[in-house]
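Hi,

Here is the structure I promised to pass on.

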Amino acid sequence: MKAKTLKRFLITFSVIVAFSYVVILACTGEDWGWFGYSNFSPEPFADKSYSPLFYEPYEMFYGIGHDDSYANRFNDEITSEWLSYCGAILKKNQLEWFLLNDSSIKEISDLFAYQTSKQSNVSVNKWTGKINLQDQKIKDFIEFMYYAKKVENSSVSYYDPWNYEETAKPAKTDSKLTNQLLKKYQTVNDPFLKNRYWFQYSKALFYSDNPNNLIAFFNESKNNVPKNTLYYRVLSYVAGLYYKNKDFARANYFFSIVFDNCVQLRVVSAYNFHPQEESDWQKSLQMAVSNDEKAALWALFGYYADTERAIEEIYKLNPKNKHLDYLVTRVVNKTEETSQTEIKESVSSYKSDLKKKIDSNVL
Amino acid sequence: MKLKLFCIFLISLWLTNCQKEETETKLSFYYWKTRFSVSKFEMEFLKSNQVKKLYVRYFDIDLNDTGFAVPVGPISFEKDYEHFTIVPVVYIKNRVFTSNKTSIKSLSDKTIEFINQINRFHKLQCTELQFDCDWTKESSQKYFQFLEMVKKETNLTISATIRLHQIKYYKTTGVPPVDYGVLMYYNMGKISADSSNSIYQRETADKYIRYLSSYPLRLNVALPIFGWGIHIRHQQVEGLINKMNFNAFIGDTNFILKNQARLIAKRNYIKFGYYFMKGDEIKMERISHNDIIEMSEDLNKNLRKKPGEIIIYDLDSINLNQFKNEGKNFKKILDYF
């Protein structure tokens, strides 16, 4: 089915080009050279979540150039989930202020201090009347945000590029913070908060002086947490650690699982996926426990190395696999780019030249 | 009689000035990685060849997403740097000087301060700086202004890299206002699928070398010892394999040695992070000891003055391995000057 679709795309594209040529000739009567325009738009043929992975010859990613969403990729999802959890006790704009605004750090710290000291301060005066500081959910939220902002200090660093010390010594999370987070994860009963403390503890470990501790913690706890976005974010941290430890087989296997299950992290996993030797690539394939897991590995392989081969392998595993469409668009666009040829005397000679240039394997 | 004596005096003066300055040419290396750490093998090579000076890339300067000049990839010194005289080198992308967002005064101040920060952090001192920029006619005014400002502010010895086209066309692209230039005698050709060597080809060098004698700035010379592989698919360049370990590919049964400079992939295969399809070729571009001798002889014939220094690009075990046989005799290339 997918192979036929590819052939249909190629024929469609060549007819469009030929038609355009005829129109141009008819309108101007002049010879026009081939200026390298694309006549195939991948967007209608694959889900828009794949669009950064469409074929792009000059940039890392189609449409976005490079990935610069690492600091705000999950903002909408985080806001939505907390809004759902908090209900009416916090308005959306208040939630966004606390969650997404760096200026809230001081106020969160003040409000958290108030919870233990009971001494009022400027922030307490500001927020009294706007939110119920005695509500348990508000208290839990403020406490959580206090720890989360401390972790964020290490994970999202804004520094002056002309300040060498800031670039030389990125802030790490300390053991006091990681211990506090572990305790919260272990003692909190509310499942929503527990899941979030699990994530924050994992993140704090990743940004600590001993990031490999995260691997052990993840292996112990992974079966006790929901397989949601937070899970896949931690899995991508773990994959990164395996990569840094030069266990490329395991790293790439985990990146493929993230790619397969977490749409928001497709760009991250595609960027980081990088087999180094044939042996580690084969080991990654052997780690896959199902055809879909194997297909996810091939889907990334198709982005990184050999799209045609990836399509063949995935089609054998599952002809209806969700990743096939975007891979097919990559083949069409790449073939279009490499088979561009000068428009000569007639449409038929152009089509003949084009057919010779197109790789027979692709057809 | 008086006229005869005067003529003899003039001729003697002319002959004296024609002689190349008899200074001893020294050997040094470029270090071009973001983490400074010299291996045992590299240290032994440097020691046996009496290399005491390293030109170390401190950082690049390029435009960020908003179009402002920022340092990129600053170096961190890990160990063994105290054994050498370090000359900071800053590589600046040409577009920094063609951007109307770049204030030259601000750039020179920030660059000097950033170099000082790196030196303070690692307890280093330096008496000279080098700048590397492939400037053009359009960017020359701003780049030269930058160099003048740095010189004035630091009062250090300032040098700049000079490429062959800037030698030949110096009347158009200008001569940088520095204490001396470093001729980059490599990367002469285009990276292509044909049989040429883009790093060094005598026929290409010949088009430029005769202009050396008229270049108005004193020159030292940078010579290459690096190599790379050009990954070719269907006679098109697919990519560049930097720091290619040639022996690892030659010894791999998944590749056939077509000739001394070409390998062919026997099957689809991943190696060193690169994916090769069956039939892909790798053109191995490298520099031999004979190439270095040939370059040295040609340069010696054409340079106006004997270079004070030969700087080798670049210090790396993969590069040095190609000259293992020369070992402590590597420095004998200086005899050709």
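Below is what I found, starting with how to read the numbers.

This is a predicted model, so local features need pLDDT of at least 70 and side-chain atom pairs count only at pLDDT 80 or more, while totals for chains, interfaces and linings use all residues. Residues are numbered from 1 along each chain as its sequence is written, chains are lettered from A and ligands numbered from 1 in the order in which they are written, and side-chain values use heavy atoms, with hydrogens and water left out.

**Strand β3 of chain B**

Helices (H or I, at least four residues) and strands (E, at least two) are DSSP runs, numbered from the N terminus. Strands count as paired if DSSP finds at least two bridges between them. β3(B) runs parallel to β1 (residues 26-31) of chain B, with three bridges, and B:Y31 has B:V56 as its partner there. With β4 (residues 69-72) of chain B the pairing is antiparallel, over four bridges, including B:L63 with B:A69. That hairpin has five residues between the strands, and B:G67 takes a positive phi near 85°.

**Aromatic rings**

Over all chains there are 72 aromatic pairs (Phe, Tyr and Trp rings, the six-membered one for Trp, with centres within 6.5 Å; planes under 30 degrees apart are stacked, over 60 edge-to-face, the rest tilted). B:F131 and B:F146 are edge-to-face, because their centres are 5.2 Å apart and their planes at 85°. B:F131 sits in strand β7 and B:F146 in helix α5 of chain B, 15 residues apart, and both are buried. B:F226 and B:Y313 also pair edge-to-face, with centres 5.5 Å apart and planes at 85°. B:F226 is in the loop between β10 and β11 and B:Y313 in β18 of chain B, so this pair ties together parts 87 residues apart in sequence.

**Charges over rings**

A charge counts as over a ring if NZ of Lys or CZ of Arg is within 6 Å of the ring centre and within 35 degrees of the ring normal. A:K137 lies over the face of A:Y85, 4.3 Å from the ring centre, and A:R266 has its charged end over A:F259, 5.7 Å from the centre.

Cheers

Note on methods:
Buried means under 20% relative accessible area, exposed over 50%, partly exposed in between (1.4 Å probe, protein chains only).
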